[in-house]
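Please open the model in the viewer and keep the selection tool at hand.

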Amino acid sequence: MNGAASGPSAVAIIPARIGSTRLPRKMLLRETGRCLFEHTYEAVVSSGAFVDVVVATDSPEILEVATRARIPARMTRVDHASGTDRVFEAWQALHAERGPAGSARVIVNVQGDEPDIAPADLAALVRAFVDGAIEIATLAAPIASAEEAARPSVVKVVCDRDGDALYFSRAALPTRGQARAEVASLPVSAVLRRHIGVYAFTPSALQRFCALPIGILEAHENLEQLRWLEAGGRMRVVAASHLPHGIDTAEDYARFVSRLRTATGNSTTDSTKARA
């Protein structure tokens, strides 16, 4: 596959682990006729932004499905603390084994449960690295309502004037309770932004990130991106055109299947789910 001519050379790695607390074995759900991670792979490839797209998994079952579907995939350790660590292991192997892929300037981590990720937003994320000062970048979209802003499951981000992240939080950030009159009437969408958990790294930044100890802010918020900010790093936040619907629960997956049926005009699906 060809990388986007307007952006730096980039590789996408899709971590797809078999374990999931809220939706067991979700990567192998296939009511659409294809497993969940296959949809994510197709969205990433269709961006045209990558010279390589690889699934990184801890599961022989996922590896087998990927192999049958002719999706590049590799096994990684089962004990990684995060998808970022899994991406780094896969990148190290890719760098050692695939010469040209190892020269990529940007590595993008797209979780396997993000089938709705907008291909254009992935391409924009890669293009951000035309600015050689950027080491890590991520995506964010406006928050539409006060109810959404109040949910701890929705991660909020505030940025400086250059578009670099100042802080990520599960709390409604910034608070509006003491807002000055000139901004108090602004809609929520003009003030708050919702973080989208897709990350792009330079190779050296990915290595440094994975070597950092967990910081106190990360431990409090349970947000690994705070590790980089607490260590003094900068993270560019790129405006997304579309808010993807990640798959965390059975209800999320049912809505995804319904959206896909509507988009394709196909009312039938393969109702078999790959479960133990």
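A residue counts as buried under 20% relative accessible area, as exposed over 50%, and as partly exposed in between (1.4 Å probe, protein chains only). The model is predicted, so local features need pLDDT of at least 70 and side-chain atom pairs pLDDT 80 or more, while totals for chains, interfaces and linings use all residues. Residues are numbered from 1 along each chain as its sequence is written, and side-chain values use heavy atoms, without hydrogens and water.

First, select Phe256, which is buried because its relative accessibility is 4%.

Rings of Phe, Tyr and Trp (its six-membered ring) pair if their centres lie within 6.5 Å; planes under 30 degrees apart are stacked, over 60 edge-to-face, and the rest tilted. The whole structure holds four aromatic pairs. The rings of Tyr253 and Phe256 have centres 6.2 Å apart and planes at 45°, so this pair is tilted.

Next, select Tyr199 and Phe201, which are both buried. Their ring centres are 6.4 Å apart and their planes stand at 35°, so this pair is tilted.
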